[in-house]
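Biologist: I am new to this model and would like to know what its labels rest on. Could you set each value against its definition?

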Amino acid sequence: MHAAIVTGVSRGLGAALAAALLQRGFTVLGVGRSSHADLRGANYALAQFDLAEAARTDDVLGPELARLAAKRPASVCLINNAAVVGPVGTLGKLAAKDVAASLAVNLAAVVTLTNLFCRTFADAAMLRRVINVSSGAATNTLPGEALYCVAKAGMEMLTRSLAAEEHAPTFRAITVRPGVIDTDMQTFARSQSPEVLPSVELFKGFHRDGRLVPPDTVAAKIVDKLVVGEVEHGRTYTYQEL
């Protein structure tokens with residue numbers, strides 16, 4: 001049995017990743033406040049959890065991961081996919097509570113869940129993989145989306161930290177920058193005013209130029225290349241490489 005843990009399975013890339021994995025026969029544990037209606041079956045379960053409550057990761061998700069580990073999967077893959085795009089706005093105009101909530105979902109929960117994953121699946125005889133879904137925003141500043149950029153940069157450092165700490169040949173950590181995907185996040189970004197999101201024209205251009213890729217297309221490539229295929233520990237992969 002091969003297993004995967006996917007965050008953010010209510011829609012977009014997360015739902016598409018879970019569906020692609022189920023089609024390949026994986027046992028999938030979805031993590032999020034809710035799940036996509038099309039995700040069902042004996043091989044699928046939802047661990048209902050608000051990632052904004054990152055401090056509760058061990059208490060809520062610990063038992064869920066322990067149950068999965070007890071099934072002794074031949075391999076297990078954690079895909080840190082969930083993210084929120086808001087709040088948008090230039091620094092100096094954001095509320096502290098909104099800053100904290102954004103970083104809780106986009107970065108703190110990623111680290112706490114990865115930490116739990118490493119502790120729960122510590123058996124070096126088991127194939128283990130962490131895939132952090134990042135973005136070009138990790139290295140390219142987007143005025144009005146500083147929080148998103150900061151979180152994605154943090155995710156990529158998490159990948160590098162795992163590569164520095166985990167030396168077993170059965171453990172791999174990688175980052176993927178999946179390109180521009182036709183999701184609600186893109187729709188939200190395009191709807192903002194230039195005063196709130198100075199980089200809004202970039203997102204409008206993606207849509208206008210037909211550059212947005214369907215989530216299921218991206219998900220299939222990620223599963224084939226990065227979940228099932230051989231990968232280089234600590235590396236960042238782009239959509240063009242999938």
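Modeller: Ask away. This is a predicted model, where local features need pLDDT of at least 70 and side-chain atom pairs count only at pLDDT 80 or more, while totals for chains, interfaces and linings use all residues. Residues are numbered from 1 along each chain as its sequence is written, and side-chain values use heavy atoms, with hydrogens and water left out.

Biologist: Why are H3 and H4 called roughly parallel to each other?

Modeller: Helix H3 (residues 96–120) and helix H4 (residues 146–165) pack at an angle of about 15°. Angles under 35 degrees count as roughly parallel, over 145 as roughly antiparallel, 65 to 115 as roughly perpendicular and the rest as oblique. H3 and H4 are therefore roughly parallel. Their axes are 9 Å apart. Axes are lines fitted to C-alpha atoms, for helices over the stretch in contact, and angles run from 0 to 180 degrees between N-to-C directions. Helices (H or I, at least four residues) and strands (E, at least two) are DSSP runs, numbered from the N terminus.

Biologist: What makes the contact between H3 and H4?

Modeller: Contact means heavy atoms within 4.5 Å. On H3 the residues include Asp98, Leu103, Val110 and Cys118. On H4 they include Tyr148, Gly154, Met155 and Leu162. By class, the contact has 13 nonpolar, four polar and one charged residues. Ala, Val, Leu, Ile, Met, Phe, Trp, Tyr, Cys and Pro count as nonpolar, Asp, Glu, Lys and Arg as charged, and the others, Gly among them, as polar.

Biologist: In what order do the seven strands form the open sheet?

Modeller: The order is S3-S2-S1-S4-S5-S6-S7, with parallel pairing. Two strands pair if DSSP finds at least two bridges between them. Strand S2 (residues 27–32) and S3 have five bridges, and S5 and S6 have six. Both pairs meet that definition. Within them, Gly32 stands opposite Gln48 in S3, and Arg128 has Phe171 of S6 as its bridge partner.

Biologist: What makes S3 and S7 edge strands?

Modeller: Strand S3 (44–48) and strand S7 (236–238) each have a single partner strand, so one side of each is left without a neighbour in the sheet. Neighbouring strands of this sheet are turned by 20° against each other on average, direction ignored.

Biologist: Where do the two helices lie on the sheet?

Modeller: H3 lies across S1, S4, S5 and S6, running at about 170° to S4. H4 lies across S4, S5, S6 and S7, at about 155° to S6.

Biologist: How do you know whether Ser134 is buried or exposed?

Modeller: Buried means under 20% relative accessible area, exposed over 50%, partly exposed in between (1.4 Å probe, protein chains only). Ser134 has 3%, so Ser134 is buried. Ser134 lies in the loop between S5 and H4. Among the residues Ser134 touches are Lys152, Glu156 and Thr175.

Biologist: Why does Arg72 count as exposed?

Modeller: Arg72 counts as exposed because its relative accessibility is 51%. Arg72 is found in the loop between helix H2 (57–70) and S4. Arg72 also has a positive phi of about 50° although it is not a glycine.

Biologist: And Pro215, buried or exposed?

Modeller: Its relative accessible area is 18%, so Pro215 is buried. Pro215 is in helix H7 (residues 215–227).

Biologist: Why is S6 said to be largely enclosed?

Modeller: Six of the seven residues of S6 are buried, so S6 is largely enclosed by the rest of the structure.

Terms used:
Lists of a residue's contacts leave out its neighbours within four places in sequence.
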